[in-house]
Amino acid sequence: MKVGLFIPCYINQLYPQVAIATLELLEKLDVDVSYPSTQTCCGQPLGNSGYEEDSKGACQLFVENFKEYDYIVGPSGSCIYHVKKHFDILEQTPDVIKVRNNAYELCEFIVKILGKIDLGAQFTHKVGLHKSCHGLRGLHLGSCSERMDAHFSTEEDLLNNVKGLELMSLTRKDECCGFGGTFSVFEEAISVKMGKDRIQDHLDNGVEVITGADHSCLMHLEGLINRNNQPLKVMHIAEILNSSI
Amino acid sequence: MGRAAILKSVKENKPTLVPLPKIDLNPFQENVDILETFKSNVKLVGGNIQELSQLSNIDSEVEKMYPNASEIISCIPESNLGTVSISEKTSPHELETVDLAIVKGEFGVAENGAVWISEEAVSTRVLPFISNDLVIILNKEDLCLHMHQAYKLISERKRNFGLFISGPSKTADIEQCLVIGAQGAMSLTVILT
Amino acid sequence: MSHSEKATIFNKNEAKVNWHNKALWFVREKRDTAAHKVKGWEYLRELASGIKANVLSNLDEYLVEFEKNALKKNIKVHWASSAEEHNAIVHKILADKKAKKVVKSKSMLTEECHLNSYLEEKGIEIIDTDLGERIVQLAKEPPSHIVLPAIHKTKEEVDELFQEHLGTTPSNGNPEYLTNEARKHLRQKFIEADAAITGVNFAIAETGGFVVCTNEGNADMGAHLAPVHIACMGIEKIIPKEEHLGVFLRLLARSATGQPITTYSSHFNTAAPGTEMHVVIVDNGRTEQLSREDFRSSLHCIRCGACMNTCPIYRRSGGHSYDTTIPGPIGSILSPGKDLKKHSSLPFASTLCGSCSNVCPVKINIHEQLYKWRQLVTKDVKQPFIKKSILKIAGIVLSKPKLFSLAGKSARFMLKYAPRFMVYSNLNAWGNARELPEVKNQNFDEWYKVKRKNHG
C-alpha cells in the first residue's frame, strides 16, 4: 500500500510541526508514505469564496500529484472533504475518481484503513476535542448532536487510548468555531465571537489543551487565545498521537 | 397572470416524477404503556388529568375543579352542569362570556397528549377556543400510540372541521418564558373514564 | 447594508448577543430532547423529504386536485402569480364584504407580500394576533424569526411597548401579566373583526382541506368568529394525502420548539354555515425556484425555524441582519433566488458548518446550496475588485508549484520580519482580534528535503 502524504498549504507554510508529526506517525505505523513535493493546495479557499471555476487548475494539479497512490492521507478534514465533495467540478476521469475515492483524513485512515486505535501514545493533560464541522458532518468522522444516531467518534476513540490523557466533556459538543475560511475575515465580528465562545467552553470545562483534526479551526482559536493571553494550548491531534510513541 | 400562468410555469419547471414513498409503520412500533404515556404527555403540555371510575360522577368532579364557573356549556349528555345550551345555530359571538365548556373527545394520541375533537362534538367551532377553561371527556380505551394511527381513525369522518387539541393555549413569545393561557383556553383538563 | 455590516453592529452589544444566542440555543436543545424521544426520527425525516420531492415533481396535478376538492366543499379558490396580485385579491374579498377590521394569524407569506401596509393604505385595520407578531407590529418592526417573531425583544422592552399602546401598568416585564393584558386586548379585536386572515401550514390535495397550527389559538379565534376566513398559501404547501399529515405534524412542532405538537392543529374542510372560506394560492417566485435544479429542494421548507435556532451565525447576529422576510439559513438560499444582488451577502453569512441541514425536518441540503449560491454570486454580481483579483491570482499561483513555493516563502518572510505595526495595520482584518501564527524557520517542504531526501 503506497500512501501519498497531502499537506494543506497553510500547514506547510505556517505549521510544519503538524506535517512532521503526521509523517512520523504514519511511518511509525509502518506505512509506506511519501510526499509529492510539487503539491500546492486542494482549492478549498477559492471554492468557498465562490471562485470554484478558478480553482480548477489547483484541483487538477492535486490529482496529478496523487493519482499514482493507493491512498492519499492528510491532516485536514476540511481539505479532504473538499476533494471528495467538490472535485465534482472536474471532468470525472478514472484518475479523478480514484483520487476522490481514496482521499482520507488522518484519523479516519488510521482507524478505518489501518484498523488501529491504540497507537501507544502518551500525553498527560486535560484535553478538549474540537470536532471540526467538515470532518464531523462532511466526512462523518463521528456522530453529530443534531442527528438521532448512535454515538461514535473516530477522534475520541484515538484520544481515549492515549495514556494519561483526560478527555474533557464540553457544554456544546459540536458547535462551529467560526473560522469558515474567508468568513473569518469578511464576517470578522461573528467569527471572533464564535471563536471566543468555543474557547470559553473549553476553559469552563477545565481543558488545558485544545485539539482537533483541522488546523484551520485551531489556528483561529489559537489566534484568539494568544491575543487574549488565555491559559490554553492548541495542538493538532497528529501531534498528540505522535507524542511518546 | 393567475391560475393559467402558475400551472403553465409549474409544468415547465417541475423535475421528472419522483415516486411517492410508502409509509412503513414498523420503525415507529414500540412497546409502551399507551395510557401512562398519554397521561404523562398531557401533563407535559400543561394539561391536567383526572381519572373517573364512572362518568355519572362527572358533575361533582368538575365542580370541585372549577367552583367559580358560572356560565357553563355541556356538550355531553352525562353532565347537568350546563347553564347555557347551544346548537349548530348558535352564533359564535354569543359564547364570549363562557367560563367552562365540557366536550367529548373522540380519541387521544399517546405520543403528544392530543385529543381529536370533531365539529359535531362542539356544535359551534369557536367553543373549545373561546371558553375560558376546557374539559374534555375521554374514554380510556380510545387511545392510540401515534399520529399515523390517529389519521387512520379519522379517515372516514365527515370532513367539515375538526382539530387535535394538546393542552391549554400557551405562548413563549415574551423572552421565551412559557405562559399558560394565551388566546384560547386558560386550562385544559382531560377526564379519563 | 450587507449582513456582515449589520452583524458587526449587532455584536457591539456583547451582552445582548450572549442573551440572544442562549435563548435560541435553548430552543435547539428542546428540539433535540423532543427528537430523541421519537423512535424512527431519521426515517420520519426521510419520509418527509421524499413526500415533498414527489410533490414538487407533480405539483401542477396536486394543485388542480386540491382546487377541485376544495371547490366541491364550497371553498373559494384564488390564484396569484405575484405579491401584488395576492394583495389585490385579498383586498377585493375584503372590500366586497365591506370589511374594515381584520385579524391575522401568523403567515410568513403575507409578510413576504407586505399585505399589512397594502391594506392599511386602503383604510383597513389589520391586527396581527400572534403575540410575538403583535409585539413587533406595535414596535413597527419586521419579525426577526419565523416562529418566534419577537425573540430579539427583552421583556422590559415588551413592557414599555404595552404601556404605550395597551395602557398597561409598569410590571418589570412580567410575562404572565403582559400576556394576560394582550389576551384581553386581542379578544376585543377578535370579537369586532369583519374578516380573519390565516396562513396555511399544509394543504391536502386529496381532500381540498388545509391545516393551521398554533399554540395560542389565535388563528381559530379569528376564523371562527369572523364571517369571512381567507387562508393564504404558497404553492409548495401542498401535500398529497391526509395520511401524510401524520409525518409532518410529528416533525413540525418538535423541530420548531421542542413540543410534541402545537396546542391546536385545526383541520378546515368547509366553511361554517353562513360564513365564507377562501384560499389564495400564491406563486411569487416559487415556480422560478422550482426551475433551479440545485435549489429547488428549498421549496420543501415547512417553516419550522429549526435551522435558525441551530445556526451559530443567526444566533449571534439576529434575524434583522439578514434584511429579508425569511432570515437565517433557509432565507439565505431562498432570497438570492428573488434578488441575487440585494441578497448577495447572505450565502456568505455562513461557515458552511452543516448543522442546519442536519436539523431540517425535510432534509434540505441547506449548506450545500449556500456553497452553490456563492458560485452564482461571483459570476452574476459585481465583486469588489481587490477580492476578485486576489482570488483569481491565487487560482493561478495554486496551480503552479514553483510560483506557490515562491509566494509561500515571501509571505512567511514578510510575516516573520515585518514590524508589528505593519503586520497588524487596518488592512489586516484577521489581526483585529487575533494574533497571526508564529512563523517557524522552515516550512515543511524545506524540512522534508533535508530530513527525507531519499524519497525526493
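**Figure 1. Salt bridge between Asp60(C) and Lys14(B) in the predicted model.** Asp60(C) and Lys14(B) form a salt bridge, with 2.8 Å between the closest N and O atoms; the term denotes a side-chain nitrogen of Lys or Arg within 4 Å of a carboxyl oxygen of Asp or Glu. Seven salt bridges are found across the interface of chain B and chain C. The same interface holds 40 residue pairs in polar contact (both at pLDDT 80 or more). A polar contact is a pair of N or O atoms within 3.5 Å; within protein, one must be able to donate a hydrogen and the other to accept it, and residues adjacent in sequence count only if both atoms are side-chain atoms. Residues are numbered from 1 along each chain as its sequence is written, and chains are lettered from A and ligands numbered from 1 in the order in which they are written. The model is predicted, so that local features need pLDDT of at least 70 and side-chain atom pairs count only at pLDDT 80 or more, while totals for chains, interfaces and linings use all residues; side-chain values use heavy atoms, with hydrogens and water left out.

**Figure 2. The interface of chain B and chain C.** Contact (heavy atoms within 4.5 Å) involves 73 residues of chain B and 96 residues of chain C. The two chains bury about 7,000 Å² between them, 60% of it on carbon and sulfur atoms; buried area is the accessible area (1.4 Å probe) that two parts lose on being put together, summed over both. Asp173(B), Ile174(B) and Gln183(B) supply 12% of the area that chain B buries against chain C, more than any other three residues. Of the two pairs of chains in contact, chains B and C share the most contacts. Chain A and chain B have no contact, their closest C-alpha atoms being 13 Å apart.

**Figure 3. Strand pairing between chain B and chain C.** Strand S8 (161-165) of chain B pairs with strand S9 (residues 264-268) of chain C in the antiparallel sense over five bridges. Strands are DSSP runs (E, at least two residues) and helices likewise (H or I, at least four), numbered from the N terminus; two strands pair if DSSP finds at least two bridges between them. Within this pairing, Gly162(B) has His267(C) as its bridge partner.

**Figure 4. The interface of chain C and chain A.** Here 81 residues of chain C meet 73 residues of chain A, and the buried area is about 6,500 Å², with 58% given by carbon and sulfur atoms. Tyr371(C), Arg434(C) and Phe444(C) supply 12% of the area that chain C buries against chain A, more than any other three residues. Ten salt bridges are found across this interface. One of them joins the side chains of Glu175(A) and Arg316(C) (3.0 Å, N to O). Helix H2 (residues 14-36) of chain C gives eleven residues, the largest share of the side of chain C that touches chain A.

**Figure 5. Surroundings of Ser105(C).** Ser105(C) lies in the loop between strand S2 (101-104) and helix H6 (108-112) of chain C. Ser105(C) counts as buried because its relative accessibility is 3% (buried means under 20% relative accessible area, exposed over 50%, partly exposed in between; 1.4 Å probe, protein chains only). Beyond its neighbours within four places in sequence, its contacts include Thr129(C), Ile197(C) and Asn218(C).

**Figure 6. An open parallel sheet in chain A.** Four strands are arranged in the order S6-S5-S7-S8. Strand S6 (166-167) and strand S8 (233-236) of chain A stand at the edges with a single partner strand each, so one side of each has no neighbour in the sheet. Strand S7 (residues 209-212) of chain A runs parallel to S8(A), joined by four bridges; Ile210(A) is the bridge partner of Val234(A).
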